[in-house]
Amino acid sequence: MPSRSALSRNSLTVLRLRAPDRSAARRALVASYASAAKAGGTLTVTALLVKLVAAALREFPRFNASLDAATEELVLKRYYHIGLAVETERGLAVSVIRDADQKDIVQLAVDLRGIADRVKAEALTIDEMRGAS
């Protein structure tokens, strides 16, 4: 096992190498924030997390699976519908963002704004609350 000082040196090297990537990512986030505002959404941490979860599920498909009790087989899903719990006066409502892996951050931000508005208006439909990964 590497020594603690060796791990620290390796970690610092990775951080130094990726510093230019961080500034590019920051510029992209600023641009996405402006685009989301123009499209009627707000870029939030939730939108970023939905995108990250969809990417993680694609990378590790066993986390996006269900067990078929009749055949005792693992069914790998090829879609990435992310369920989000939203607090309401009547309890939690879990809405679903369908095909989250195929949407960019701006579209996710717009979808989240629409979900929030429909939850507040108590206009969320049953179909919008079914089928999460």
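Which residue forms a salt bridge with Arg90? The partner is Glu122, and the closest N and O atoms of the pair are 3.6 Å apart; a salt bridge is here a side-chain nitrogen of Lys or Arg within 4 Å of a carboxyl oxygen of Asp or Glu. Arg90 lies in the loop between β3 and β4 and Glu122 in the segment after α3, so the pair ties together parts that are 32 residues apart in sequence. Both Arg90 and Glu122 are exposed, where exposed denotes over 50% relative accessible area, buried under 20%, and partly exposed the range in between (1.4 Å probe, protein chains only).

The structure is a predicted model, in which local features need pLDDT of at least 70 and side-chain atom pairs count only at pLDDT 80 or more, while totals for chains, interfaces and linings use all residues. Residues are numbered from 1 along each chain as its sequence is written, and side-chain values use heavy atoms, with hydrogens and water left out.

The protein chain contains 3 helices and 4 strands, these being DSSP runs numbered from the N terminus (helices H or I, at least four residues; strands E, at least two). Their order from the N terminus is α-α-β-β-β-β-α. Of the 133 residues in the protein chain, 23% are buried. The chain exposes about 9,700 Å², of which carbon and sulfur atoms supply 57%; accessible areas come from the Shrake-Rupley method with a 1.4 Å probe, and for residues only the protein chains shown count as cover. Among contacts with a separation of 6 or more, 51% involve residues 24 or more positions apart, a contact being heavy atoms within 4.5 Å.

A search of the whole structure finds 5 salt bridges. One of them joins the side chains of Arg58 and Asp101 at 2.2 Å, N to O. Arg58 belongs to helix α2 and Asp101 to the loop between β4 (91-97) and α3 (105-120), so this pair ties together parts 43 residues apart in sequence. Arg58 is partly exposed at 48% relative accessibility, whereas Asp101 is buried, with a relative accessible area of 16%. Another salt bridge links Lys103 and Asp111 at 2.6 Å, N to O. Here Lys103 is partly exposed at 21% and Asp111 is buried at 17%.

Strand β1 (residues 65-68) runs antiparallel to β2, and 4 bridges join the two; strands are taken to pair if DSSP finds at least two bridges between them. Leu67 has Leu74 as its bridge partner in β2. The hairpin of β1 and β2 has 4 residues between the strands, and Glu72 in this hairpin takes a positive phi near 55°.

Lys77 is placed in the loop between β2 (73-76) and β3 (82-88). Lys77 is buried yet has no salt bridge, the nearest side chain of opposite charge being that of Asp68, 12 Å away; Lys and Arg count as positive and Asp and Glu as negative, with His and the chain ends not counted. Not counting residues up to four places away in sequence, Lys77 touches Asn64, Ala65, Ser66, Ala132 and Ser133.

In helix α1 (residues 4-39) lies Ala39, which is partly exposed at 43% relative accessibility. Beyond four places in sequence, Ala39 touches Val106 and Val110. The C-alpha atoms of Ala39 and Val110 are 6.8 Å apart, although 71 residues separate the two in sequence.
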